[in-house]
Amino acid sequence: MLGLFGTLNLGARSLQTQQTGVEVAGQNLANINNTAYARQRVDIQTSPAISSYYGPEGTGANVVAITQLRNSIVDGQIQNENSVGSYWQSQQSALQYAQADLGEYINLQTSSTSSTSNDTTSGLAGDLSDLFNAFQSVATAPSSLTERQLLLNKAQTLADRLNQTSAKLTSLGQDLNTSMNNDVSSANSLLSDIAKLNDQIVNSEIPQGGVANDLRDLRQQKLEQLSQLVNIQTSTAANGTVSVSIGGTTMVSDRKVLDTLQTYDAGGGQMLVRAATSGTPLTLSGGSIRGTIDVRDGALKTLSSSLDTLAGQLIAQVNTLHQAGYSLSGTTGADFFTGTDAATIQVNSALTGDPSLIQAAGTAGASGDNSVALALAQLADQPISGLGNQTFSSAYSTIVSQLGNNLSTANQQLADHDAVSSMLSKQRDSVSGVSVDEEMTNLMQFQKAYAASAKLVTTVAEMLDTILSMKT
């Protein structure tokens, strides 16, 4: 039999067990708003029984572990979904900046067939229309210096807009490179943190046994933050450490950082990512870094190239007609525009200094001749082979439509990601989330058990006093 002293020890163990339960419930409640925290549970096991005349007799209960409630499959899915969401988020942000740089209002209306309609009546679209309208005004009054000056003003406004848009897109590309460098630095810092946490977990778990729940929570948070920057592959070793690979290259193994990320110039200012130690170019498959690279070298590069083509064709077509015309003073052969693309297009400075030098006539000395000015105005409605047989306005609308479609795709992908992410978060919360009602119930249960255990200790103590008093 246990005897009084054995029963006293049983009560003491029960007190310790219920106290641990209270402490764990308090820990859960304290971290209820900590998104990285996974709720914990006390694993209670019956103490070894002892033999007695009546058979095995229980000796109470002990805490054998404090278990962390996590679903590794859901955690892995959340990591992967983080990479997907950050990939599209980086694309969406860059495309929205590009939309602002164009100075256009793009009205995205996604139907059941995912079609996109675009309203492009401002910005460059308006400036193009103003230019050809100004040519028409000169054709109406070919000898008017006022109309000629207005034409030069409209042409310069268009040129300035193209210059500014080109400069903004170039600046956006540089900003994306800076963002990528920052993301790479953040990723390297997280890799270092994960290796340090691996070390702390091993040092905490091996000597003492059990599981370092809070350290594992923090490591999972770091892994999920890293997955937002770049898609990762992880594996867990028997000692509790997590290995991390990126693009097929192992970055963290056991408690060491084996390699880090590094940006490099792949040629022509195209910044990509490689493993710093091995120098191996990495093929990234997700995360904000991959999204930044794809939008920079995809949609934004196409946008910038298309604007250069549009500007180049405008310069060539206008200059071809203008060179054949005659000014009010009979001069000929001058260009209307200078430059070759959106970044360099300008109105010929000789014309801006003297509007009479605009070559609007088809013959020399005919001040009322408007044939060249009329031909220039009619360019607005002519298909241009260098623009895929589109007019200038329709070519520009196509450019804006492509941007709008890319932005619409990013928006839709993000909406899909949000739905999946919300579902996964609910699945994880059902396992790892802290419930106030549940923890309060547990707290009351352990508190009552603690009070009952204290009563047991008090009762045994009184029984011992009774026995001791019998000897006196």
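Colleague: Leaving aside neighbours within four places in sequence, which residues is N239 in contact with?
Modeller: This is a predicted model, and N239 sits in the loop between β3 (233–236) and β4 (242–246). Beyond its neighbours within four places in sequence, N239 has contacts to V202, E205 and D254.

Colleague: With which side chain does the side chain of N239 make a polar contact?
Modeller: D254 is among the residues in contact with N239. The two side chains form a polar contact at 2.9 Å, so within the 3.5 Å cut-off. The partner is D254.

Colleague: Does N239 count as buried, partly exposed or exposed, and what is the relative accessibility?
Modeller: Buried would need a value under 20%, and exposed one over 50%. N239 falls in between and therefore counts as partly exposed, at 26%.

Colleague: How far apart are the C-alpha atoms of N239 and G3?
Modeller: Along the chain, N239 and G3 are 236 residues apart. Their C-alpha atoms are separated by 43 Å.

Colleague: Is T59 buried or exposed?
Modeller: T59 lies in the loop between β1 (40–46) and β2 (61–68). Not counting residues up to four places away in sequence, T59 touches L2, L10, R13, S47, P48, A49 and I50. Its relative accessible area is 7%, and because this is under 20%, T59 is buried.

Colleague: Which backbone oxygen does the side chain of T59 reach?
Modeller: P48 is one of the residues that T59 touches. At 2.7 Å, the side chain of T59 reaches the backbone oxygen of P48.

Colleague: Which residues have the most contacts inside the largest nonpolar core?
Modeller: The largest nonpolar core has 58 residues. Another core, of 27 residues, lies apart from it and includes V184, L190, Y264 and I289. In the largest core, the residues with the most contacts are F135, L307, L314, F336, F337 and Y396.

Colleague: What does F336 touch, not counting residues up to four places away in sequence?
Modeller: F336 is one of the residues with the most contacts inside the largest nonpolar core. With residues up to four places away in sequence not counted, F336 touches F135, L151, L152, A155, V318, N319, H322, Q346, V347, N348 and L351.

Colleague: Which element gives the largest share of the lining of the second largest cavity?
Modeller: This cavity has a volume of about 40 Å³, and L124, L128, L158, L162, L310, A311, L314 and Y396 line it. Two or more lining residues come from each of α3 (123–140), α4 (145–208) and α7 (299–323). By class, the lining has eight nonpolar, no polar and no charged residues. The largest share, three residues, comes from α7.

Colleague: What is the volume of the largest cavity?
Modeller: There are two cavities of 30 Å³ or more. The lining of the largest cavity includes R148, Y326 and D369, and its classes are five nonpolar, four polar and two charged residues. The volume is about 50 Å³.

Colleague: Which element supplies the largest share of the lining of the largest pocket?
Modeller: The largest pocket has a volume of about 490 Å³. Its lining has 25 residues, with N34, T35, A36, R428 and D429 nearest the centre; by class, seven are nonpolar, 13 polar and five charged. At least two lining residues come from each of α2 (72–102), α5 (213–229) and α10 (392–432). The largest share, six residues, is from α10.

Note on methods: Residues are numbered from 1 along each chain as its sequence is written. This is a predicted model: local features need pLDDT of at least 70, side-chain atom pairs count only at pLDDT 80 or more; totals for chains, interfaces and linings use all residues. Side-chain values use heavy atoms; hydrogens and water are left out. On a 1 Å grid over the protein atoms alone, a cavity is a set of points where a 1.4 Å probe fits but cannot get out, and a pocket is an open set with protein on both sides within 12 Å along at least five of seven lines; lining residues have an atom within 4 Å of a point. Grid points are joined across faces, edges and corners, and a volume is the space filled by probe spheres set on the points. Ala, Val, Leu, Ile, Met, Phe, Trp, Tyr, Cys and Pro count as nonpolar, Asp, Glu, Lys and Arg as charged, and the others, Gly among them, as polar. Helices (H or I, at least four residues) and strands (E, at least two) are DSSP runs, numbered from the N terminus. Buried means under 20% relative accessible area, exposed over 50%, partly exposed in between (1.4 Å probe, protein chains only). Contact means heavy atoms within 4.5 Å. A polar contact is a pair of N or O atoms within 3.5 Å; within protein, one must be able to donate a hydrogen and the other to accept it, and residues adjacent in sequence count only if both atoms are side-chain atoms. A nonpolar core is a set of buried Ala, Val, Leu, Ile, Met, Phe, Trp, Tyr and Cys residues joined through side-chain atoms within 4.5 Å.
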